[in-house]
Structures are given as C-alpha cells and as structure tokens.
Amino acid sequence: MPEPDPHPDVPAPPSTYLVIPYFPGDRGDPKTDRPVPAPAVSYACPSIHVTGTPGPGVFWPGEPFRVAVEVANFGVGTSAAAVSVIVWWSTATSGFTDLRWFGQAVVAVPSHGGRATTVPMTNSIPADAGPHVCLLVRATAVNTPLPAGAGPDPVHDPHWAQLNLVTAPVPPGQAPFPFEFAWSAGNPGARTARYVVTARPTEAVVLRTLARTLGARPVLADDLRLAVDGGEGPRVLELEAGESRELHLAGVLGTPLEQSTFTAIDIVQEDVTGDGEGRITGGIGLILRADTGDGRAAPS
C-alpha cells in the first residue's frame, strides 16, 4: 500500500519550469528572483546574446544581426523539454504594446537545471526604424503555452526577458553636455491603467553590472539634471489597454566622461493602478558613453 503524502497541500513540482536567466543562480522564484533584483539589470538580460551589431544598445538599421537565447529548465521531468523561443523587436519603449516579429527557434532544454541556447536567429531592423530599438523574448514549452491573455512581463515572469539598452555617444571630456531622448510609455495590459514614469541616475551597484556588459568603466554621475516632458520628477499617465504615448527626456550631464567610460540613466515605468504598491512594467537603460567614433563605429 503506498505511503500517504506527508504534504498533501504542497503542489508537486512541475515537469517543466522554464526560466530565461538574468543572473547566476536565477531560478525564476517569485519570492526571491522576481521581480528581477539588483545588482541584476531588469532591462538587460544577459541570456539574450546579440552579435553582428556595433555594440550593446546600438543597431545598424537595415543590416542583419543575430540573436540567440539561453533558457534554463528547473522542472523535474525525465526528458528534455521542447521549448519555443520567440524574439520580437520594438522601437524604444518602457511598456511593450507594438511588437514586431524578429525570429523563432525551438530548442531542447534538459530538466533539473539544464540549460540550452537556441541557434542564432538572423533578421534586420527596417532602415526607417532608427537606431534605438528594444528586444523582447518569450520561452514556452511547445505543448504548454502561457495562459490566454498573459501579456509581456519581463520583470516578473521568468518566461519573458528583455534587452532594452540604448547607447548615446558623448564627446570625451565635454561638460556640461546636453542630451535628449524620446521613447514611448505603453500599457501592455487588458485594462486602463495608471502609470508613473521616472528617469533617474543608475545606482552604483547596477552600473558595475552594466560595466561587464559594456566592457567599459562606470562613472557615477550624481549631477545629472533630468526632466521628462519638461518637468522634473515623475510623470503620471493614464493609458487605455494597448495605448502608448511618446515621452521626451531632456538632460544635462555635468560630469565629463573620459574615453572608455560611461554612465547610465534608468527610465522606469510602474503601474500604480489602485491602492497597492507600484508594480514595475518595464524600463530602459539609457547609456551615455564617451565615444570619438565616426557615427558608425561602435563606442570604444
């Protein structure tokens, strides 16, 4: 006679539990690993591998590049899971509402913490799209898609991830240096929602993580002056389902950047609908990097 289950109220581990990892040891645990905790960077998932571009956060519109995605499986099944990975691109946004297909691949991912990387998917961004684009990725088991209505959630849902870096060149040694940046805030949900959008200097601990991605030395620029749509402080928006709205950031960098250094700005969009705490919808990392390039070469 089989032994009774000592924990009848605890659900059995799933046979497939997929995660697009943001940091070493990332198991996608909703208690400890989501939302993505610092010093990991929620807008720059290192499991999204991009090649054939000038550098992180820089694209050549109209020219092909390659994207490969690493996926982990913490399920307890006895066989590898067939995983469908889809990559979309979007113009710069802090809330994905207008997704354009980039590529799709299927990869077998072993269970019990196994990892696998897709073959590189090759495509190009249309020449009229501009150089500032974002990548969004979703990984699902082939026979078990996400629940209907589950929108993009790269900050909280381990099936999703984003690479949302935008690099802007700064003349080395020049300060003060004024700059501007435009992007869209969007409502990826199914209902009207209220959002707060904030632009702020990136924390030192996150700058150090970005330094490994960029291969450059970080500079903490506490003297950044930032204004969203002409006003200092957070911008409050109410957006209908699927609606997006263009916003503009104007800033002044007071700290001169030497060659091979950078600083960064976090653009964060939070859903503050209702009385609860704000829930981060998405974000963009705006990288200000010293560069003497020719307008086409990668920052160095």
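Colleague: What is the bridge partner of Leu-226 in β16?

Modeller: Gly-251. Keep in mind that this is a predicted model.

Colleague: What makes β14 and β16 a pair?

Modeller: Pairing needs at least two bridges between the strands. β14 and β16 (residues 244-253) have four, in the antiparallel sense. So they count as paired.

Colleague: Which strands make up the open sheet, and in what order?

Modeller: Three strands, ordered β11-β16-β14, with antiparallel pairing. Neighbouring strands in this sheet are turned by 20° against each other on average, direction ignored.

Colleague: Why are β11 and β14 said to stand at the edges?

Modeller: Because β11 (177-186) and β14 (225-228) each have a single partner strand. One side of each therefore has no neighbour in the sheet.

Colleague: How many salt bridges does the structure hold?

Modeller: Six. One of them joins Glu-70 and Arg-115.

Colleague: Why is the contact between Glu-70 and Arg-115 called a salt bridge?

Modeller: The cut-off is a side-chain nitrogen of Lys or Arg within 4 Å of a carboxyl oxygen of Asp or Glu. Here the closest N and O atoms are 3.4 Å apart, so the pair qualifies.

Colleague: What does the pair of Glu-70 and Arg-115 tie together?

Modeller: Parts that are 45 residues apart in sequence, because Glu-70 lies in strand β3 (residues 64-73) and Arg-115 in strand β6 (residues 114-117).

Colleague: Is Glu-70 buried or exposed, and how do you know?

Modeller: Buried means under 20% relative accessible area. Glu-70 has 18%, so it is buried. Arg-115, at 38%, falls between 20% and 50%, so Arg-115 is partly exposed.

Colleague: What makes Arg-279 and Asp-153 a salt bridge?

Modeller: Their side chains meet at 2.8 Å, N to O. The limit is 4 Å, so the contact counts. Arg-279 lies in strand β18 (residues 279-290) and Asp-153 in the loop between β8 (133-141) and β9 (160-163), so this pair ties together parts that are 126 residues apart in sequence.

How values were computed: Residues are numbered from 1 along each chain as its sequence is written. This is a predicted model: local features need pLDDT of at least 70, side-chain atom pairs count only at pLDDT 80 or more; totals for chains, interfaces and linings use all residues. Side-chain values use heavy atoms; hydrogens and water are left out. Helices (H or I, at least four residues) and strands (E, at least two) are DSSP runs, numbered from the N terminus. Axes are lines fitted to C-alpha atoms, for helices over the stretch in contact, and angles run from 0 to 180 degrees between N-to-C directions. Buried means under 20% relative accessible area, exposed over 50%, partly exposed in between (1.4 Å probe, protein chains only).
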